[in-house]
Amino acid sequence: MSGNELGAKDLVARDPCFAPVAANRYRDHWAGTLRPADAGAQVRLAGWIHRRRDHGGVVFCDLRDRSGLVQLVFRPDADRSVHERAHQLRSEDVVSVRGTVVERPPETVNRDLATGAVEVVVDELEVLAASATPPFPIDEPRQLGEETRLRYRYLDLRREQMATALLLRDRVYREIRDQLAGEGFVEIETPLLTRSTPEGARDFLVPARLRPGTFYALPQSPQLYKQLLMVAGFERYFQIARCFRDEDLRSDRQPEFTQLDIEMAFVDEDDVIATCDRLVARLLALAGIEVRLPIERVTYDELMLRYGSDRADRRLGREIHDLSDIFRTSEFNVFAKTVADGGCVRGFATAGDFPRRRFDELTERARELGAGGLVWAVVEEGGSWRSPVAKFLSPAEMHSTVERLGAAPGDALFIVADRPQLAASVLGALRVEAAPATVSGHDIYWVTDFPMFEWNSEEQRLDPLHHPFTAPKGDLSDDPLTWRSRAYDLVVDGWELGGGSIRIHDPELQLRVLDALGIDEQEARDKFGFLLDALRYGAPPHGGIAFGLDRLVALLAGRESIRDVIAFPKSASGADPLTGAPATVADAQLRELGIRLAHVPSRAQEGAGRS
């Protein structure tokens with residue numbers, strides 16, 4: 001269990017959401033809140049039997065409810081019928097008990113349990129529901145296959161690690177609402193059924209039965225609606241929004257996800273970032289992460305030059321350095337010609353054990369990423385190299401490279417000669433994948449001064465680095481590829497936790513940006529006419545941001561995958577093993593929607609969501 005996981009567990013244990021329960025026939029206390037101060041009190045508890053232990057004539061059971069565990073004691077001299085029925089209890093049976101809180105003898109205190117100083121001597125037992133044998137133990141933190149966990153998610157959620165994550169998620173939501181309400185924000189919901197807009201990923205489409213041949217789109221973000229709310233005069237808006245993107249899954253993505261959406265009027269970048277600094281510091285403090293304000297800001301160009309990524313985890317070290325001047329006149333033609341043709345030579349050094357096979361694997365990986373190849377070397381005593389290219393290099397070139405990369409004998413060097421953008425992206429990936437690294441602390445910073453556009457070579461057009469509603473800056477009479485944007489991203493430990501920008505509030509500038517993307521005025525009005533019209537009615541300067549809450553909670557809980565902090569996530573294939581979604585629907589439903597299938601799923605495909 002990581003330090004963050006321990007912090008999350010402690011946070012949930014201290015959480016004020018466990019207010020006294022309203023007493024009824026089942027219970028009058030939370031199990032996990034009993035302490036020595038409650039000794040002598042008669043309590044009624046309800047929950048699940050976590051585990052049972054028979055010690056001679058005494059039966060011990062751990063009772064679990066949402067608040068935690070407490071030990072129950074069934075003594076044969078208290079009530080024989082209750083004691084006999086306790087022998088029949090099984091894990092996950094649902095019970096209600098009445099008993100007296102007593103302090104444990106000092107030698108039996110369980111210091112790993114919040115209630116470990118007390119136990120409840122039971123005099124009344126009611127079995128509310130018997131449980132079948134679970135497909136996996138609830139009381140053991142063993143590794144389980146994803147398919148099994150998702151198929152029996154309602155049981156997986158009973159396990160401490162999952163329950164803690166979801167209770168932490170609830171705490172995060174409450175902290176967000178409290179912080180933003182205190183800063184004058186208004187929580188407003190926006191529609192889930194909207195129209196398809198170009199936001200960089202495929203939309204999930206919903207056929208409109210009442211208008212055959214037309215479709216709603218589920219929102220990839222509330223972007224346009226929150227801008228309209230600024231035009232409407234609400235000035236400070238937020239929403240914990242459900243969003244949808246039809247794209248391939250990975251550990252930090254799901255087809256449906258939750259984001260914190262924020263928009264502010266009459267602000268510039270500094271105002272939005274300062275507001276977010278205060279919120280982020282409060283949220284990260286939940287996991288014991290101290291944030292020094294203001295949070296550091298780093299330009300996009302600096303990150304790409306030094307780390308090859310605009311979301312780099314700088315704790316890894318392995319800083320990338322430009323070596324072009326060293327090899328400009330080298331006799332090694334690959335390096336010299338690349339520099340002469342306007343390219344660059346860049347590299348980084350790292351410690352680690354690299355057998356020849358590993359160098360070959362990383363060379364192949366560099367080619368997969370688009371590079372022509374990878375030069376590798378091991379630094380030897382005196383600054384010379386053990387490398388296939390060493391014979392082509394002068395001692396001065398090797399020594400200068402070792403010095404610039406800050407390498408020591410035994411370190412490995414990785415060098416790429418190519419176009420600057422490609423060299424940066426390849427080395428940025430390799431510095432993460434090259435070798436395992438032990439990191440400590442946290443790396444938190446804002447990325448600023450992004451390019452406005454990037455060139456899509458496959459489709460021969462410009463793509464926005466953020467979205468087409470981001471305000472540009474710089475000389476707008478120049479080539480759009482030289483424009484910069486008023487965007488900003490928050491990166492925490494190599495994860496992009498949030499991204500936003502100052503928006504375009506001038507309709508003519510918005511048309512100009514869309515035109516740079518190949519969207520002419522007619523198409524712009526067809527797709528965004530409602531926004532362009534709204535901007536003509538007095539739109540204030542405004543900007544905002546969206547934070548990925550799934551990623552944030554995963555970070556706070558110390559989990560690698562966001563699936564471990566979502567109640568009912570999809571599997572890596574996008575299926576839901578619990579419900580069998582996605583699934584076929586009845587022919588009558590399709591006819592109502594005016595839809596005829598061009599491809600009818602086979603029975604195997606139809607059942608793929610649930611095995």
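**Backbone and helix packing**

Proline 294 sits in the loop between α7 (269–285) and β11 (297–299). Those labels are DSSP runs numbered from the N terminus, with helices being H or I of at least four residues and strands E of at least two. Before going further: this is a predicted model, where local features need pLDDT of at least 70 and side-chain atom pairs count only at pLDDT 80 or more, while totals for chains, interfaces and linings use all residues. Residues are numbered from 1 along each chain as its sequence is written, and side-chain values use heavy atoms, with hydrogens and water left out.

Back to that proline. The peptide bond joining leucine 293 and proline 294 is cis, with omega about -5 degrees. Another cis bond joins alanine 581 and proline 582, also with omega about -5 degrees. Proline 582 is in the loop between α16 (549–557) and α17 (587–593).

As background, most residues other than glycine have a negative phi, and most peptide bonds are trans. Phenylalanine 266 has a positive phi, near 60 degrees, and is not a glycine. Its place is the loop between β10 (256–265) and α7. Glycine 184, which follows α5, has a positive phi near 85 degrees.

Now the domains, whose bounds come from an automatic or database domain assignment. The chain is divided into domain 1 (17–129), domain 2 (148–266 + 540–596), domain 3 (293–315 + 439–538) and domain 4 (317–438). Between the C-alpha centres of domain 2 and domain 4 the distance is 42 Å.

How far apart are the end C-alpha atoms of helix α5? They are 33 Å apart, which agrees with the 33 Å that the 23 residues of α5 (160–182) should span at 1.5 Å a residue. The expected span is 1.5 Å times one less than the number of residues.

On to packing. Axes here are lines fitted to C-alpha atoms, for helices over the stretch in contact, and angles run from 0 to 180 degrees between N-to-C directions.

Take α6 (residues 223–231) and α15 (residues 521–535): their axes come within 10 Å and cross at roughly 20 degrees. That makes α6 roughly parallel to α15; the classes are under 35 degrees for roughly parallel, over 145 for roughly antiparallel, 65 to 115 for roughly perpendicular, and oblique for the rest. The crossing of α6 past α15 is left-handed, meaning that the near helix is turned anticlockwise from the far one by less than a right angle, with clockwise counted as right-handed. From α6, Leu224, Gln227, Leu228 and Val231 meet Phe528, Phe530, Leu531 and Ala534 of α15, where contact means heavy atoms within 4.5 Å. By class, that contact has seven nonpolar, one polar and no charged residues. Nonpolar covers Ala, Val, Leu, Ile, Met, Phe, Trp, Tyr, Cys and Pro; charged covers Asp, Glu, Lys and Arg; the others, Gly among them, are polar.

What does α14 (residues 507–516) do against α15? The two axes come within 10 Å and cross at roughly 155 degrees, and the helices are therefore roughly antiparallel to each other. This crossing is right-handed. Pro507, Gln510, Leu511 and Leu514 in α14 meet a set in α15 including Glu521, Arg525, Phe528 and Leu531. By class, the contact of α14 with α15 has eight nonpolar, one polar and two charged residues.
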